[in-house]
Amino acid sequence: MQAVIAVLPGDGIGPEVVAEGVKVLQAVAARFGHTFTLREALIGGCAIDAAGEPLPAETVALCREADVVLLGAVGGPKWDDPQAKVRPEQGLLGIRKTLGLFANLRPVQMHPRLIDASPLRPERLQGVDLIVVRELTGGIYFGEKRRERGPGGEWASDLCIYTEEEVVRVVRVAAQLARRRRGKLTLVDKANVLETSRLWRSITTRLMRDEFPDLQFETMLVDACAMHLIRRPADFDVIVTENMFGDILTDEAAMLAGSMGMLPSASLGSGRMGLYEPIHGSAPDIAGQGKANPLATILSVAMLLRHSLDLAAEAECVESAVAAVIERGIVTADIAAPGQPTYSTAVVGDAVAAAVAG
Ligand code: IPM
Ligand code: MG
């Protein structure tokens, strides 16, 4: 098959991990006889430096023309001034919103060899296999923001707003996923306090009764969920939640898999277009040192092959290659067992690409 892939490396470790993702894509193309045309563009801080804005029109145009987008990470101390009018993160939020990618799938799996990389006790991690479906284009991330001066000094507000349509479409994605998995859906909200959460809860409860009566459905408050993710993580199958709760809970859930460097993600809309990125950030503290774990990006490539290009066998090939490389202990420091050797970003990427090549 032929596909055009927009590649947005971004900032910090973004370019390093994306380079390894690209290696793996090329290995897949060679082995399975596909043609992937890669087109690179700027996003985030590097785009602010080069073009004065975090999401140049050129980048948006290139993504729209592509079949799919692979992204690294954005942000860094250079652009962190709280007074700044333009911020790298606006680029990331902007591309998600512009492409209408409202459903962010963040799977969390536990590789048996990495059980010691997690701070949790091994017996708690047995059987962990969950996926968080995070709403990605609404809520407090996109509501009106204000900052003004009043009698009590400065004040600020961030509006959290959701429409029925926004809730229904993402819950449907999550429920359909649950149907193909273990058949359980957990809605995470804060319905004891927030009106948006009460809307989510009533809509989801009705939708589950009317369209998905075959699924096991539960609701859980977000604070309790933060606790249960640590206490009994294997009980979760699919979690669906609003934008900010999903952001926070997936960093927590990453520790079940041993490291932030292990979690891939797929951001999907109503069409075939998808944006694939590791859930981790730009990690400026280790950028440029070859220390970053490329597996989250490589696993995002696997999701890209499966969800947007319909290449299931190719996706499985990449996932098995990752498992084999972990099995052989060719891993970066974040997931290496104590006393075991550690390898650089590029060496890990090379090993996965070689395993894909077969
Ligand atoms: C993520 C990140 C982003 C988010 C930041 C960089 C804006 O934390 O993808 O989880 O909050 O969505
Ligand atoms: Mg996050």
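**Exercise 1.** Which helix gives the most residues to the shell around ligand 1?

*Solution.* The model is predicted, and local features need pLDDT of at least 70, while side-chain atom pairs count only at pLDDT 80 or more. Residues are numbered from 1 along each chain, and side-chain values use heavy atoms.

Step 1. The shell consists of Glu 89, Leu 92, Arg 96, Arg 106, Arg 134, Tyr 141 and Asp 247, where a shell residue has a heavy atom within 4 Å of the ligand.

Step 2. Helix H4, residues 88–98, gives the most, with 3 residues; helices are DSSP runs (H or I, at least four residues) numbered from the N terminus.

**Exercise 2.** Determine the class make-up of the shell around ligand 1.

*Solution.* With Leu and Tyr counted as nonpolar and Asp, Glu and Arg as charged, the shell has 2 nonpolar, no polar and 5 charged residues.

**Exercise 3.** Why does ligand 1 lie between domain 1 and domain 2?

*Solution.* Domain 1 (1–104 + 259–358) and domain 2 (119–256) both give residues to the shell, so ligand 1 lies between them. The domain bounds come from an automatic or database assignment.

How values were computed. Chains lettered and ligands numbered in written order. Helix = DSSP H or I, 4+ residues; strand = E, 2+ residues; numbered from the N terminus.
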